[in-house]
Each structure stands twice: as C-alpha cells, then as structure tokens.
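Open the model in your viewer and keep the selection panel at hand. We will go from the whole chain down to single residues.

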Amino acid sequence: MKTNPQIRQEALSLMKGNWGTAVCITLIASVISYVCSAIYYIPAIFVSYPLSVGIMMAYLHHVRGTQKLSIEAMFSAFNAKYYWKSVGLILLTSIYIFLWLLLFIVPGIIKGVAYTFAPYILADNPELTADEAIEQSMKMTDGHKMNLFLIGLGMFGLFLLSGILLFIPALWITPYYQAVIAKYYEEVKCNNETSCQ
C-alpha cells in the first residue's frame, strides 16, 4: 500500500493537462448547487446529490485511465442506473453523520470518514443498494481511516487558507482532493484484490 505522500503525488501527476477541465467542473457544479439551493432545498437534493456522485465517478474513471476527465462525465449519475441510488446514498450518509454528530463530534467525524468510499463502491457495483455501499465502505476503510482523515484535514487547511484569496484557489484544491480520494480508493481496492480495473 502506497503512502499518503505517494498517493497525493500520483494524483497531482494525473491532473497534468486536465486542470482547465477540472476547474470548469468545479465551477459548474458550484453554480448549479448554488442556484438549486437558492430556489428551494428539495430540488437541490435531486440535482446536487447525483451531481456529486457523478463527479466522483468521473475522477475515479480518470484515475484509472478508463475515461478522460470531461464536463459531460460529471453528469454520469443522471441515468436510471445510478440516479436514485445516488440521491439515496448521499441522503443516507448525511443523515447518519448528522445523527452521529448529535452524540459526539469525534464519532461523527469517524463515521464520515468511514463512508468516504461509498460513492466509488456504488460506481463499481451499481447493483448494490445505498445501504450496502455504505456498509462495504465501512469495511473497506477499516485500517485506513486515519490516513483518510489526515488527507481531509490537510485539504481543509488549504481551503481555509484559500479564504484569504476569496476561495478562488478552491477551484483547484477541490479537483485535487477529488483525484486524491479516487486514487486512494483505487489503491485500497487493488490492495484487497488480485487485479485492478
């Protein structure tokens, strides 16, 4: 299993030549989510949630080299195969994390980290239910939660620093984070299997 610095470096290398598209994806997703939220919360769920999963799927395929990163790819969860499961997945993980946070902050953070791989698992196994993807994510992140937490903590620090520049750097930090997590998922998956996709 590769170390966090190795995974981050490989993810950064994979973004070369793709930053323009990545920034556009982040910008478009932000605008769509903002508009939906401004209109009414319910439409935001039905648009932003599958959009989030679609973006994760796009980065997963990009990291694997099976599909070029593109604006079209960010809408890949808007189909009969993934749409409702994407909505259910993000909704369930949000509810679960909120409930855990009501107990204590730390358990909520731990559970949030444990659910990290659920969208990628769903992307690889569309036959699974949202709950099954969450359960598999909890098993798959076992032994990797601290690494995932440290990656998230580092990115959170970068996001805070980007606030000095009106969060404009977040247009680059967000896709980098997406690539790192997708790469980490792929590393764990390959480490657990005899072959990789």
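The tour below starts with the overall fold and ends in a loop.

**Before you click.** This is a predicted model: local features need pLDDT of at least 70, side-chain atom pairs count only at pLDDT 80 or more, and totals for chains, interfaces and linings use all residues. Residues are numbered from 1 along each chain as its sequence is written, and side-chain values use heavy atoms, with hydrogens and water left out.

**Stop 1: the whole chain.** Show it as a cartoon. You will find nine helices and zero strands. Helices here are DSSP runs (H or I, at least four residues) and strands are E runs of at least two, numbered from the N terminus. The C-alpha trace spans about 45 × 40 × 35 Å along its principal axes. A compact globule of 197 residues would have a radius of gyration near 16 Å, and the chain agrees, with 16 Å. That radius is taken over C-alpha atoms, and the globule rule is 2.2 Å times the number of residues to the power 0.38.

**Stop 2: the core.** Of the 197 residues, 42% are buried. Buried means under 20% relative accessible area, exposed over 50%, and partly exposed in between (1.4 Å probe, protein chains only). The largest nonpolar core has 52 residues. Such a core is a set of buried Ala, Val, Leu, Ile, Met, Phe, Trp, Tyr and Cys residues joined through side-chain atoms within 4.5 Å. Select Tyr59, Phe117 and Tyr120, which have the most contacts inside this core. Next, select helix H3 (residues 41-64), which gives the core its largest share, 11 residues.

**Stop 3: Tyr120.** What does Tyr120 contact, leaving aside its neighbours within four places in sequence? Met56, Leu60, Gln178, Ile181, Ala182 and Tyr185. Contact means heavy atoms within 4.5 Å.

**Stop 4: Thr93.** Move to helix H4 (residues 83-103), where Thr93 sits. Is Thr93 buried or exposed? Its relative accessible area is 10%, so Thr93 is buried. Not counting residues up to four places away in sequence, Thr93 touches Tyr115 and Ile134.

**Stop 5: the H8–H9 loop.** Select Leu166, in the loop between helix H8 (145-162) and helix H9 (170-192). Its phi is near 60°, a positive value in a residue other than glycine. Leu166 counts as exposed, at 69% relative accessibility. Phe167 is in the loop between H8 and H9 too. Phe167 has a positive phi of about 65°. At 48% relative accessibility, Phe167 counts as partly exposed. For background, most residues other than glycine have a negative phi.
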